[in-house]
Amino acid sequence: MFVCSCFGVTEEQIRAHAEAGACTPRQVASASKAGTDCGSCVRRIQGILGRGGCPRRTGLDQALGGRTAEPQTAPAPVPTSVGPAPAAAPATVRPAVAA
């Protein structure tokens, strides 16, 4: 059965990529282009990949002791000063040289 009709990728091909080490839809996409056109198959690919079979994910879970990694957040932006723009430096005028 086709999972990605845009590129003709089947469920068997997705499973083969997963067995070869693809753990995320992005990794499947780089191997087969599935999910890179209209995107309607990405959730189906996620469902096929599941949550358990990835050796890298299992290793990460073990390293974290069953805890999930907390998402990294960007620091708050530093506000810029408000007020008039600094004045431009005066232009230097060079005297004309007589020939």
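Start by selecting Glu11. Leaving aside neighbours within four places in sequence, Glu11 is in contact (heavy atoms within 4.5 Å) with Met1, Val3, Arg44 and Ile48. This is a predicted model, where local features need pLDDT of at least 70 and side-chain atom pairs count only at pLDDT 80 or more, while totals for chains, interfaces and linings use all residues. Numbering runs from 1 along each chain as its sequence is written, and side-chain values use heavy atoms, with hydrogens and water left out.

**Stop 1**

Glu11 lies in helix α1; helices are DSSP runs of H or I with at least four residues, strands are runs of E with at least two, and both are numbered from the N terminus. Glu11 counts as buried because its relative accessibility is 17%. Buried means under 20% relative accessible area, exposed over 50%, and partly exposed in between, with a 1.4 Å probe and protein chains only. The side chains of Glu11 and Arg44 make a polar contact at 3.0 Å. Such a contact is a pair of N or O atoms within 3.5 Å; within protein, one must be able to donate a hydrogen and the other to accept it, and residues adjacent in sequence count only if both atoms are side-chain atoms.

**Stop 2: helix α3**

Select residues 42-49, helix α3. Colour Ile45, Ile48 and Leu49, which are buried. These three lie on the same side of α3, because they cover an arc of only 95 degrees around the axis. The arc is taken from the directions from the helix axis to the C-beta atoms. Show β1 (2-4), α1 (11-19) and α2 (25-32): they are among what covers the buried residues of α3. Turn to the face away from the buried side. Arg43 and Gly47 are exposed there. Then step just past α3 to Gly50, which has a positive phi of about 65 degrees.

**Stop 3: the cysteines**

Select Cys4 and Cys41. The structure holds zero disulfides (a disulfide is a pair of cysteine sulfur atoms within 2.5 Å). Cys4 is in none, and its nearest cysteine sulfur, on Cys41, is 4.0 Å away. Cys4 counts as buried at 3% relative accessibility. Cys41 is buried too, with a relative accessible area of 5%.

**Stop 4: zoom out**

Show the whole protein. Buried residues make up 19% of the 99 residues. Of the contacts with a separation of 6 or more, 51% join residues 24 or more positions apart.
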